[in-house]
Amino acid sequence: LAPLLQIERLKVYFSIRKGIFSRIAGHVRAVDDISLDIFEGETLGLVGESGCGKSTIGRAIVRLEEPQEGRIVFRNADITHRSLRQLKPLRTKLQMIFQDPYSSLNPRKRIYDILAEPLAAHRIAAKADLQRRVNRLLDMVGLPSAYQNRYPHELSGGQRQRIGIARAISLEPSLIVCDEPVSALDVSIQAQILNLLSDLQKELKLTYVFIAHGIGAVNYISTRIAVMYLGKIVEVGSRDELFRNPKHPYTKILLDAYPAPDPTKRSKQRIIVEGDVPNSANPPQGCRFHTRCPYVQERCRREEPQLGNSGHAAACHFPLG
Ligand code: SF4
Ligand code: MG
């Protein structure tokens with residue numbers, strides 16, 4: 001089974017500029033040599049602390065970020081360096097839902113225009129059909145059709161995220177990158193939005209890349225999970241495998257930080273992580289996690305562990321379990 005999307009040895013670096021002549025003083029290695037396959041119909045959870053590069057991967061997938069190296073292959077077509085015009089038919093297939101729906105919705109436009117304009121621009125619907133399509137989209141995300149006359153500021157946070165979702169599904173995508181779609185919302189609203197996303201996934205046969213900094217939301221919605229640390233994937237596996245048998249010390253730490261509903265079910269040997277996240281402009285030699293890892297040994301400081309390509313893989317010289 002060929003993956004829907006293949007990320008091959010992807011590198012996305014950002015220049016750090018300093019001084020009055022904007023001299024390049026270094027590079028933030030936001031995504032540093034990452035390979036990942038995403039399969040049709042799955043939800044791949046991408047989890048890690050802020051600054052680990054997870055949003056940058058998401059933005060590279062939908063071509064909001066240009067990689068320095070590596071390839072992105074969608075349905076066997078290399079889309080890495082295509083221009084926006086060449087990409088136009090493909091772009092509709094790769095959509096994104098943002099963390100803050102307010103800043104991603106034009107405040108001066110009514111909901112009708114926010115939803116109808118992309119449909120017209122991409123010739124998804126004929127002019128005569130736009131009204132019916134907008135009604136249908138609002139219905140699909142659980143909003144009354146009267147809301148199309150409102151402006152974004154007249155909606156609650158959860159309602160605005162429903163509009164963000166409606167806009168993403170309107171172009172009939174195959175894959176949606178959901179970048180922390182519930183982290184800005186009240187806890188009471190989060191489950192509703194996650195349920196909506198998983199209902200739409202079934203109905204529309206969508207594939208999701210679901211980005212989060214905590215393992216909670218990822219646990220709820222993902223079928224597979226990739227854990228990131230300082231621009232690298234440190235562990236990848238099915239959700240159940242990863243929860244049952246985390247192999248990388250960092251994954252274990254993330255799981256321990258996630259409050260289990262039943263405290264007696266929590267891991268007895270909690271490991272404590274010390275120190276701040278190092279700078280990704282100048283990541284530690286060897287294993288990037290070695291400055292914080294409770295199991296660090298001499299080899300870890302010298303030699304960078306590789307992820308490998310088994311179904312459940314960890315980039316660690318001394319995996320747990
Ligand atoms: Fe810890 Fe060493 Fe494994 Fe890195 S390679 S996670 S430092 S045990
Ligand atoms: Mg982010």
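Reader: Between which strands does the loop that holds Arg75 lie?
Author: The loop with Arg75 runs between strand E4 (69-74) and strand E5 (77-78). Strands (E, at least two residues) and helices (H or I, at least four) are DSSP runs, numbered from the N terminus. The model is predicted, so local features need pLDDT of at least 70 and side-chain atom pairs count only at pLDDT 80 or more, while totals for chains, interfaces and linings use all residues. Residues are numbered from 1 along each chain as its sequence is written, and chains are lettered from A and ligands numbered from 1 in the order in which they are written.

Reader: Why is Arg75 called partly exposed?
Author: There are 15 other C-beta atoms within 10 Å of that of Arg75. A residue is buried if 20 or more other C-beta atoms, placed from the backbone, lie within 10 Å of its own, exposed if 12 or fewer, and partly exposed in between. Arg75 is therefore partly exposed.

Reader: What is the phi of Arg75?
Author: Phi of Arg75 is near 45°, a positive value in a residue other than glycine. Most residues other than glycine have a negative phi.

Reader: Where does Arg9 lie, and is Arg9 buried or exposed?
Author: Arg9 belongs to strand E1 (residues 5-18). Arg9 has 12 C-beta neighbours inside 10 Å and therefore counts as exposed. Phi of Arg9 is positive as well, near 45°.

Reader: Which residues of helix H4 are buried?
Author: In H4 (residues 111-121) the buried residues are Ile111, Ile114, Leu115, Ala116 and Leu119. Their cover includes helix H5 (130-140) and helix H6 (157-170). After H4 comes Arg123, with a positive phi near 55°.

Reader: What makes H4 and H6 roughly parallel to each other?
Author: The axes of H4 and H6 cross at roughly 15° and come within 9 Å. Axes are lines fitted to C-alpha atoms, for helices over the stretch in contact, and angles run from 0 to 180 degrees between N-to-C directions. Angles under 35 degrees count as roughly parallel, over 145 as roughly antiparallel, 65 to 115 as roughly perpendicular and the rest as oblique. H4 and H6 are therefore roughly parallel.

Reader: Which residues of H4 and H6 meet?
Author: Ile111, Ile114, Leu115, Pro118 and Leu119 in H4 meet Ile163, Ala166, Arg167 and Ser170 in H6. The residues of this contact divide into seven nonpolar, one polar and one charged. Ala, Val, Leu, Ile, Met, Phe, Trp, Tyr, Cys and Pro count as nonpolar, Asp, Glu, Lys and Arg as charged, and the others, Gly among them, as polar.

Reader: Why are H4 and H5 called oblique to each other?
Author: H4 and H5 pack at an angle of about 120°, with their axes 10 Å apart. By the ranges for angles, H4 and H5 are therefore oblique. The contact joins Tyr112, Leu115, Ala116, Leu119 and Ala120 of H4 to Leu130, Arg133, Val134 and Leu137 of H5. By class, this contact has eight nonpolar residues, no polar and one charged.

Reader: What makes H5 oblique to H6?
Author: The angle between H5 and H6 is about 125°, and their axes are 9 Å apart. That angle makes H5 oblique to H6. Leu137, Leu138 and Met140 in H5 meet Ala166, Ile169 and Ser170 in H6. The contact of H5 with H6 comprises five nonpolar, one polar and no charged residues.

Reader: How do you know that Ser170 counts as buried?
Author: Ser170, in helix H6, has 24 C-beta neighbours inside 10 Å and therefore counts as buried. Leaving aside neighbours within four places in sequence, Ser170 is in contact (C-beta atoms, placed from the backbone, within 7 Å) with Leu115, Pro118, Leu119 and Leu137. The C-alpha atoms of Ser170 and Asp78, 92 residues apart along the chain, are separated by 24 Å.

Reader: Which residues of helix H10 are buried, and what covers them?
Author: Pro249, Tyr250, Thr251, Lys252, Ile253 and Leu254 are buried in H10 (residues 249-257). Their cover includes strand E3 (43-47), helix H8 (215-221), strand E9 (224-229), strand E10 (232-238) and helix H9 (239-244).

Reader: How many residues surround ligand 1?
Author: Ligand 1 is surrounded by 13 residues, of which the closest are Cys287, His290, Cys293, Cys300 and Cys316. A residue is near a molecule if its C-beta atom, placed from the backbone, lies within 6 Å of it. The shell around ligand 1 has ten nonpolar, three polar and no charged residues.

Methods
Contact = placed C-beta atoms within 7 Å.
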